[in-house]
Amino acid sequence: MQPREQIMPYLTLLIALLLASLSEPLSLEHLRHLDLQRDIRPGQRCPAKCQREQCPDPRLLQSCQWGQVRDLCGCCWECGNGEGQLCDPEPWTGSTFFGQCAEGLRCKAPRRDPAMKADPKPVCVCTKQEILCGTDGKTYENICQLRAVQHRLGEQKKVTVAHHGPCRAKPVITYAPGDIIALEGSNILLSCEVSSYPVASILWKKEGDSTFLASENSNRAIQANGGPRHFELTSWLQLYKVGPDAAGVYTCAARNTFGETSASARLRVIHGGSQKGRELPERKNEAHSTSINEAESEDDEDFEGQPSGYMYL
């Protein structure tokens, strides 16, 4: 082969990479899918004989998050693409750029949005959409996500399926209400998101009151709705035309058969002409968690409360 002929395959590869970088971000994972034996030319057939010496260095594949798969020619190992990542469709299309989906995933194009001009590109989708509980006490949306954790942790900390369905545990506040400074006469909204299975009940309480707040009266309303994620409940406390008597600490309390947890936020009400609200207090909202089993460790929680600072209305 002449020197010019030897350079051409690599020049073709370089041009393809440059063109791809203009339209799609290219990660190291994608570079591991490029098969130099075929120079990623569409429609080219697999070589008659597998030349394993031209396959990627196996050391580069040790960190494959979703596991390894054979390339379309069945010759070299490469990193399989994970859930939601771009992928090459069926072999007959001749595309070998993005690579194949890992075990348990298939390459599928999302439904076309009429508002979008371009057709959606295929991505890897897990073939089994079943919620599982891992032996690490965490809930996984599907078996593919659990396998990704298995590959990441390796044999040192092996994670397997504990049982089908979500893990049963006490509630965890995934989004805590934030402190608010509001002008007198304004409406305010406190929100609290809780994740748990069995699904928890959420109640609101004001500091100093002996009972939980009623769901609705002339000055407030309490609503709840499922989501945005599986086994998650979001509750809102809305206060209308707040006055000085509405100021105080409000607590979101969540409870199920495995335990309870709570998070609090402070409401400050200022007069319209007051200058006190212009200075941001240093106090930060804190999430307070308790459990029916006092000896239970807080490390068992999958999520942590995410308190925010003061909000001005």
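**Disulfides and nonpolar cores of the predicted model**

The disulfide of Cys-126 and Cys-144 is right-handed, because the torsion about its S-S bond is about 85 degrees. The two sulfur atoms lie 2.1 Å apart. Cys-126 belongs to strand β4 (residues 123-126) and Cys-144 to helix α3 (residues 143-153), so the bond ties together parts that are 18 residues apart in sequence. The model is predicted, and all values given here are computed from it.

Cys-126 has a relative accessible area of 3%. Cys-144 has a relative accessibility of 1%. Buried means under 20% relative accessible area. Cys-126 therefore counts as buried, and Cys-144 is therefore buried as well.

The wider setting is as follows. The protein chain has 313 residues, of which 35% count as buried. Its secondary structure comprises three helices and 18 strands. Among contacts with a separation of 6 or more, 58% are made by residues 24 or more positions apart. The accessible surface comes to about 19,300 Å². Carbon and sulfur atoms account for 53% of that surface.

The structure holds eight disulfides. One of them joins Cys-87 to Cys-107, with the sulfur atoms 2.1 Å apart. This link is right-handed, with 95 degrees about the S-S bond. It connects distant parts of the chain, 20 residues apart. Cys-87 sits in the loop between β2 (77-79) and β3 (105-108), whereas Cys-107 is in strand β3 itself. The two ends fall into separate accessibility classes. Cys-87, at 3% relative accessibility, is buried. Cys-107 reaches 22%.

Cys-192 and Cys-252 form another disulfide, with an S to S distance of 2.1 Å. Its torsion about the S-S bond is about -70 degrees, so this disulfide is left-handed. Cys-192 lies in strand β10 (residues 188-197) and Cys-252 in strand β15 (residues 248-256). The bond therefore ties together parts that are 60 residues apart in sequence. Cys-192 is buried, at 0% relative accessibility. Cys-252 is buried too, with a relative accessible area of 0%.

Nonpolar packing was considered next. In soluble globular proteins, nonpolar side chains tend to be buried together. The largest nonpolar core of the model has 24 residues. Ile-188, Leu-190, Trp-204, Val-242, Tyr-250 and Leu-267 touch the most other members. Two or more residues of this core come from each of β9 (180-183), β10, β11 (201-206), β14 (232-239), β15 and β16 (259-270). Strands β10 and β15, which contribute to the core, also carry Cys-192 and Cys-252.

Val-242 illustrates the packing. Residues up to four places away in sequence aside, Val-242 touches Ala-182, Leu-183, Glu-184, Gly-185, Ser-186, Ile-188, Leu-267 and Val-269. Two of these contacts, Ile-188 and Leu-267, are themselves among the residues that touch the most other core members. A core of 15 residues lies apart from the largest one. Its members include Trp-66, Ala-102, Tyr-140 and Ile-143.

Technical notes:
Residues numbered from 1 in each chain as written. Predicted model: local features only at pLDDT ≥ 70, side-chain atom pairs only at ≥ 80, totals over all residues. Heavy atoms only, no water. Helix = DSSP H or I, 4+ residues; strand = E, 2+ residues; numbered from the N terminus. Buried < 20%, exposed > 50% of the residue type's maximum accessible area, 1.4 Å probe, protein only. Contact = heavy atoms within 4.5 Å. Areas by Shrake-Rupley, 256 points an atom, 1.4 Å probe, with all protein chains shown as cover. Disulfide = S-S within 2.5 Å. Core = buried A, V, L, I, M, F, W, Y, C linked by side-chain atoms within 4.5 Å.
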